[in-house]
Amino acid sequence: MKKWFLLIAAVVLAMGAQAQPKYERKDFTFKATKVKDGDGNISEITFGTYAGGKLVKEYTFELSVPLSEDLATTVGCYSEEDINFDGYPDVEVYLGYYGGFSTNTQQEALLWDQAQHQFVYPEGYAGNGELMPDEDNKYLVHTGSAGPDERYTSYYRWHGHKLVHYLDEIWAIESDDDNPISPSMTKYPLQRYNAKLDGRISVTIAFQKNEDNTVAGYIYYPKAKNPAPIMVVGSVSRHNETDFYTLNEYQPDGKVSGFITLEHKLVDGWDYQVQGTWTNPKTGKEMKITDVSFNRECPKWFTSSLLTPEDPGNIGREYSFQRWRDGYDDYMGGHISFKAAGKNKVYFECCNVINNIAEGRSDDGRPAVLKGNRFEYREVNECHYGFSATFFPRFVILKTITDYETLGCFGAHSAFDGVYIKIKQ
């Protein structure tokens, strides 16, 4: 009896599988139908996707503002182009003009997913106005009005089926520079916080984060005697829908002049809550970050990304960081130097004394070998210690990659780990 049941179940499953045709993108045609509300205005578009003359799936797109038939003549028009740069045409549906700036339109889209052999509704595409694809840079852009004399350009990138807002650029209409923003800035999402320390010291904190959760950018004090952006580098972790940022404020010589913590939580899918502190590492004085406003506008002084992977041929000779240590009444930190040993190869010598002494160097005849902007080096000493080095334009990040037992050749709680600032090219 059990065998018969399994056989029947297998047949049913097989029939179910056959009932789901495997479509190709070329099989599809589309039909948009306007739907009127009780007042006779066009309020919705039903958009059908068809294959072989049969309806596969129907979508309902609601107009943000119902339109009379006279004003809705082009509503429901659609175009077929590759908006997510995967080589397959997608579908974009026009739902009307909001008014004002020419690109202030309502658009919906469906993405073709070749792996699933079907269309997928994307997250984050609707509500951004007319988006123009840039095939060369693989992003979408929207340009709108920021006032009578300024315009803004917003940059978006796809993460799977989700469109992510990366940054905004504000530019003057009369500017001679058609594209002042560096292409490197559009590679990573930017976050900007205009705030105050203890409600009185104005600051702007702007940074980007990469796929490894490395965070790098600047803090700017506009009312300082000689205002200039100060580099901040750190990391981000996520817990209970909250992003936790820990950042160090670095001077050009590698001295840490501030510790920054930020907690950023999205509320109801669109609003945000931000809180944090700035701490003086020498005095321990802590100031709360207050009066926070968040956006993605790129500051004029943030001209190129700090997270661009460094060219192996451009690695500096010396990197350093220093933090104030109360017990020693002095700055202590780490130092690593590099010497070229051939193409994509370097010798190194490292010392980190932030907790206790951890030091080592590469073996003669066994340089570190870079793969892109990163290398791993093991067997630094008889304890089999190993670490990785990841290079960026202005700093290198060292991380231990071996077990805790391999720290036995160093002082307690010591390792090479840290962000080392480039101090000599």
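Student: Before we start, how are residues numbered, and which pLDDT do local features need?

Tutor: Residues count from 1 along each chain as its sequence is written, and side-chain values use heavy atoms, leaving out hydrogens and water. Because this is a predicted model, side-chain atom pairs count only at pLDDT 80 or more, totals for chains, interfaces and linings use all residues, and local features need pLDDT of at least 70.

Student: Is Gln 191 buried or exposed?

Tutor: Gln 191 is found in strand β12, residues 190–197 (strands are DSSP runs of E, at least two residues, numbered from the N terminus). Buried means under 20% relative accessible area, exposed over 50%, partly exposed in between, using a 1.4 Å probe and protein chains only. Gln 191 has 6% relative accessibility, so it counts as buried.

Student: How are the rings of Phe 348 and Phe 375 arranged?

Tutor: Rings of Phe, Tyr and Trp (its six-membered ring) pair if their centres lie within 6.5 Å; planes under 30 degrees apart count as stacked, over 60 as edge-to-face and the rest as tilted. A search of the whole structure finds 37 such aromatic pairs. For Phe 348 and Phe 375 the centres are 6.2 Å apart and the planes at 20 degrees, so this pair is stacked.

Student: And what about the rings of Phe 375 and Phe 391?

Tutor: Both Phe 375 and Phe 391 are buried. Phe 375 sits in strand β25 and Phe 391 in strand β26 (residues 387–391), 16 residues apart. Their ring centres are 6.0 Å apart with planes at 45 degrees, so the pair is tilted.

Conventions:
Helix = DSSP H or I, 4+ residues; strand = E, 2+ residues; numbered from the N terminus.
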